[in-house]
Amino acid sequence: MGEIYVCGDGVSKVRTIVLVGKTGNGKSATANSILGRKVFESRLSSSGVTATSQMRSGLSKSGQHINIIDTPGLFDFTEGGTKVIAEEIAKCVDLAGFGGIDAIVFVLSLRSRFSQEEEAAFRSLKALFGPRIIDYMIIVFTGGDDLEDIDFDEYIGQPDIPQPLKEIIRLCENRTVVFNNKTKDQWERLNQSDKLWCILDEVVARNGGEPYREKMAAGSLVAVEAKLNQTKAEMEKKLVEKQLARSEAERQAAESRRMAEDETRRLKEALETAQTEERLWLENLIQKERDERFLADAQAREATLKTEAAIAELHSKIDQKCTIL
């Protein structure tokens, strides 16, 4: 059935975690799975269900008090302007309050390829909160049912997994959990939550029990917005470069196809010409042999006639001599 994760009995202090990630990755569903009940609205939607940051509280299986802050697609630059994103980040920090943030859960989906926007989101978190925020980060992969019989370590080790994703996992020291938010199996639901609690305990211990309370490196909404604009510009630049590279690759591929088609056509024409020449040569050869055979037959008939005439003449002479005698 897999590995069983059992942690301590917990402590009385309330733990606060923040869920961030791209719209549609399943942040709200994951929050509901962690709390063991539906407190955040969650449904299939391309535009996102969570419109603003929200905080809900609950208890873990071991009795640990937990605050979960569910966020909209904070770094989905196409969903709203950087001003809106900056305001949501500020609200998220306010919701955490003086107690600070014990962990940031970066939610990714196994159902979609790791995107450039998600890479930009990770860089933005570092830029806004400072490099120490990585020590508080846990990566949750939703869509665990898609793994079927393959092990997660085997999956993430595949050669087609993007290198930036592997680097993020390395920076977070492999603090990863796979969630299947659709499962009805109570053992699976409890086990995946317990693994998250275990990693959360590790994060808390790693940071000396101190939650992240530092002010954002940006310092103000204006500065936050400026940093987000910079990240957005960098992302758009990389996107343009990627599109240009793809266009150039497509142009080269089209040119290669055209050259291959031209060569194929040339070879086909050469083959057809050679076949035509060979056919004409064979036809001429057959006709020549036919003509020669016809001539030989005619000559043979003529020789036969001459022979028959000579024999007839000889018989006539013999008959004449016999008559005289």
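Student: Leaving aside neighbours within four places in sequence, which residues is Arg15 in contact with?

Tutor: In this predicted model, Arg15 is in contact with Gln64, His65, Ile66, Asn67, Asp102, Leu200 and Val204. Arg15 itself lies in strand E1, residues 15–21.

Student: Why is Arg15 called buried?

Tutor: Set the value against the cut-off. Buried means under 20% relative accessible area, and Arg15 has 8%, so Arg15 counts as buried.

Student: Happy with that. What does the protein chain look like as a whole, in helices and strands?

Tutor: There are seven helices and six strands, and along the sequence they follow the pattern β-α-β-β-α-β-α-β-α-α-β-α-α. Buried residues make up 36% of the 325 residues. Among contacts with a separation of 6 or more, 75% are between residues 24 or more positions apart.

Student: What makes helix H1 largely enclosed by the rest of the structure?

Tutor: H1 covers residues 27–35, and nine of its nine residues are buried, so the helix is largely enclosed. Lys27, Asn32 and Leu35 are among the buried residues there. After H1 comes Gly36, with a positive phi near 75°.

Student: Let's turn to salt bridges. How do you know that Arg111 and Asp145 form one?

Tutor: The rule asks for a side-chain nitrogen of Lys or Arg within 4 Å of a carboxyl oxygen of Asp or Glu. For Arg111 and Asp145 the N to O distance is 2.7 Å, so by that rule the pair is a salt bridge.

Student: And what parts does this pair tie together?

Tutor: Arg111 lies in the loop between strand E4 (103–109) and helix H3 (116–129), while Asp145 lies in the loop between strand E5 (137–142) and helix H4 (152–156), so the bridge ties together parts that are 34 residues apart in sequence.

Student: What about Glu119 and Arg123: where do they lie?

Tutor: Both are in helix H3, four residues apart, about one turn of the helix. Residues three or four places apart in an α-helix point the same way, because there are 3.6 residues a turn. The closest N and O atoms of Glu119 and Arg123 are 3.7 Å apart, and the limit is 4 Å, so the pair counts as a salt bridge. By this rule the count comes to 15 salt bridges.

Student: Which residues does the network with Arg175 join?

Tutor: Start with the pair of Arg175 and Glu173, whose closest N and O atoms are 3.7 Å apart. Salt bridges that share partners join Asp135, Glu173, Arg175 and Arg206 into one network.

Student: Are Arg175 and Glu173 buried or partly exposed?

Tutor: Arg175, at 6%, counts as buried, whereas Glu173, at 45%, counts as partly exposed.

Student: Why is Asn174 called exposed?

Tutor: Exposed means over 50%, and Asn174 has 56%, so Asn174 counts as exposed.

Student: Which residues of the largest nonpolar core touch the most other members?

Tutor: Of its 55 residues, these are Ile17, Ile68, Ile138, Phe141, Leu165 and Leu200. Beyond four places in sequence, Phe141 touches residues including Leu108, Phe152, Ile169 and Val178. Ring pairs also link Phe141, Phe152 and Tyr155 into a cluster, and the whole structure has four aromatic pairs.

Student: Finally, what makes the nonpolar surface patch?

Tutor: Trp281, Leu282, Leu285 and Ile286 make a patch of about 380 Å². Leu285 is found in helix H7, residues 221–324. Patch residues need over 30% relative accessible area, and Leu285 has 32%, so Leu285 passes that cut-off.

How values were computed: Residues are numbered from 1 along each chain as its sequence is written. This is a predicted model: local features need pLDDT of at least 70, side-chain atom pairs count only at pLDDT 80 or more; totals for chains, interfaces and linings use all residues. Side-chain values use heavy atoms; hydrogens and water are left out. Patches are made of residues with over 30% relative accessible area and no salt bridge: like charges are joined within 9 Å, nonpolar side chains (Val, Leu, Ile, Met, Phe, Trp, Tyr) within 5 Å. Accessible areas come from the Shrake-Rupley method with a 1.4 Å probe; for residues, only the protein chains shown count as cover. Helices (H or I, at least four residues) and strands (E, at least two) are DSSP runs, numbered from the N terminus. Buried means under 20% relative accessible area, exposed over 50%, partly exposed in between (1.4 Å probe, protein chains only). Rings of Phe, Tyr and Trp (its six-membered ring) pair if their centres lie within 6.5 Å; planes under 30 degrees apart count as stacked, over 60 as edge-to-face and the rest as tilted. A nonpolar core is a set of buried Ala, Val, Leu, Ile, Met, Phe, Trp, Tyr and Cys residues joined through side-chain atoms within 4.5 Å. Contact means heavy atoms within 4.5 Å.
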